[in-house]
Amino acid sequence: MTDTFATVTTHPLEPLSPLEIAQASAIVKREQNLTSSARFVYIELHEPSKEALKQPLSDRQAFIVLRDRGAQATFEAVVSLTADSVVSYTEIADAQPPITLEEFLQCEEVIKADPRWQEAMIKRGVTDFSLAMVDKWASGHTMDEDNPGGRRLARPLTFVRSEAQENGYARPVENLVVTVDMDTMEVVDVADTGVVPIPQSPGNYLPGFYERPGNVPEFTQQRAPMKTIDITQPDGPSFTVDGHYVEWANWRLRVGFTPREGLVLHEVNYVDRGTERPVIHRASLSEMYVPYGDPGDSQWNKNVFDEGEYGLGVLANSLQLGCDCLGEIHYFDAYVNDQDGQPIELPNAICMHEEDYSIGWKHTDFRDNLGQVRRNRRLVVSFFATVGNYDYGFYWHLYLDGSIEFEIKLTGIISTGAIEPGQIPEFGTLVAPGLYGPHHQHFFSVRLDMKVDGERNNLYELEAEAVPAGPENPHGNAWRQTKRQLTTESEAQRVADPLKARTWLIANADKKTKLGGHIGYKIEPSGAVALPLAQPGSQQARRGGFATKHLWATPYADRERYAAGEYVAQNPGHDGLVAYTAQDRSIDGADLVIWPTIAAHHVVRPEDWPVMPVSHVSLHLKPTGFFDGNPMLDLAPEVPKTDGHCC
Ligand code: CU
């Protein structure tokens, strides 16, 4: 239910309440004598380890990341809310935490006041600076010999609206890159590498703006509204909620939320004929990376880690019934922190509802026309984050057939560039005169701390193999499924091969099915299986190492939670999965964590302008030997609307 400031948390995986966020920052301030130059980046639950979760909760802790602007240093703190004291307070060398909301707002003001930036704008015919938008862009790799430890740098880009509320992304200021030190709030550099005319065609999507003549595309009036679709559940939804604990159909799970990852699912279990069997211990998005493939001066350095450099939880939308979500919705509020360490409420940040999902199973015996049909449903738990121009929806789907899907919806506004009128971009798609969307890719790393029917799991690669013609295949039709166990971290770095129907099976290491098979869940990569295209040695390749594989696997370790590393901003790369798996640990019978990568290869379409129709990419986890047979066999027959008799 909706948290209030009076919430008393009970379960050790309940997210921090607003009171606990305020208490956590107060403890650190008091015990470390912090001044106002210490800024709170993240305050989140310090999640108990799996071992600790087996015992009754004795100590509730918060994990805090701070940036001390004066000291130009980054700190981590663990505080005990139970003991009202600091457990640890550590400076983290060469670490830049994500850019905070406070920093974004301040640096826009500072840039607009800079005479070099103003001169560049005047050169382009812009004199009303109030219409300029300075957008947060991380700086890419800037922590090196010249900048050891790192000045805290961002490289925002500029756009210009033609009037308030108008879509400024239609008017990018090309070849203007500003570098800001966010600790000192100084403009370090303004690089202006040549004027390209600011595109003039409006690309608006707001009602009242887009109907004006000359908009791209041109629709001078709204279409007639369609008939109402109402989704009603007169008896209410089939789930129950207690705090963040959810029961729906045979599924049991806990909903979590962190400022960095946003929505997290904990302890996803399935009740199979009375026995609660674990499937996933913790499921989250561990990173997302968007490298651009355009070498232009203000384009090439667009290589951003939307989770590790900005944080998806802190950018979560408040969702609205009838707009973002239809039907019988349960909302969870989320709480993050401001930079003074006070709680910020994000009302309705997580939406949960159930959806009809068409046919679950069906058969008609053609001899006697005796038919049976059952409908499938899914529980949908989701949130949306706005990261500058782009908007991302992250949807977990749990189905009645025991399968799990993670779907990402990409929408919002493409990142744009300006080109000389009449020219065609080589590394992008023209969407309006003088305006283009550069090629880019989105890579999402999903972290699945697996627990398939128990703690020890194994990983296998499955693929189809045609049998050569010969005695074993006299008719030439034979093919088999090969199964190969991946036993080490290096062996488990895999790319997809859809032509061989390659999939990966996570199976319990200790038990077998009644028929002697594996008890498992299979990962099926979706159709989007692109690989990165940056050259080896480039910062894009180094920093986005996780994206070079569609699957990684590691044995569980507490601090291994992020595919590109904990402190991604400005770093040279080689962190995260690349570093974790360099140990080449065994994953045989391990407490297994798997890290599938989902790719969205984005060559912009004209239809993506001025606001993108949702593009979907997803990952499927299907029970494979987890059940003895169809787990939906016990569903009650459907009742037809026509005569009230069973289908
Ligand atoms: Cu895109």
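Trainee: What should I know before starting?
Mentor: Residues are numbered from 1 along each chain as its sequence is written, and side-chain values use heavy atoms, with hydrogens and water left out. The model is predicted: local features need pLDDT of at least 70, side-chain atom pairs count only at pLDDT 80 or more, and totals for chains, interfaces and linings use all residues.

Trainee: Which protein atoms are the donors of the copper ion?
Mentor: Donors are N, O and S atoms within 2.8 Å of the metal (3.2 Å for Na, K and Ca); water is not among the atoms, so sites may look incomplete. Here they are Y390 (OH), H440 (NE2), H442 (NE2) and H602 (ND1), at 1.9 to 2.0 Å. Their spacing along the chain is Y-x49-H-x1-H-x159-H. H442 sits in strand β24 (residues 440-450) and H602 in strand β30 (residues 592-602), 160 residues apart. Strands (E, at least two residues) and helices (H or I, at least four) are DSSP runs, numbered from the N terminus.

Trainee: Are H442 and H602 buried or exposed?
Mentor: Buried means under 20% relative accessible area, exposed over 50%, partly exposed in between (1.4 Å probe, protein chains only). Both H442 and H602 are buried.

Trainee: Where in the chain are K511 and D453?
Mentor: K511 is in strand β27 (residues 503-512), and D453 is in the loop between β24 and β25 (457-466), 58 residues apart. Their closest N and O atoms are 3.5 Å apart. K511 counts as partly exposed because its relative accessibility is 38%. D453, at 10%, is buried.

Trainee: What about R456 and D510?
Mentor: Their side chains meet in a salt bridge of 2.9 Å, N to O. R456 is in the loop between β24 and β25, D510 in strand β27, 54 residues apart. R456 is partly exposed at 39%, whereas D510 is exposed at 53%.

Conventions. Salt bridge = Lys/Arg side-chain N within 4 Å of Asp/Glu carboxyl O.
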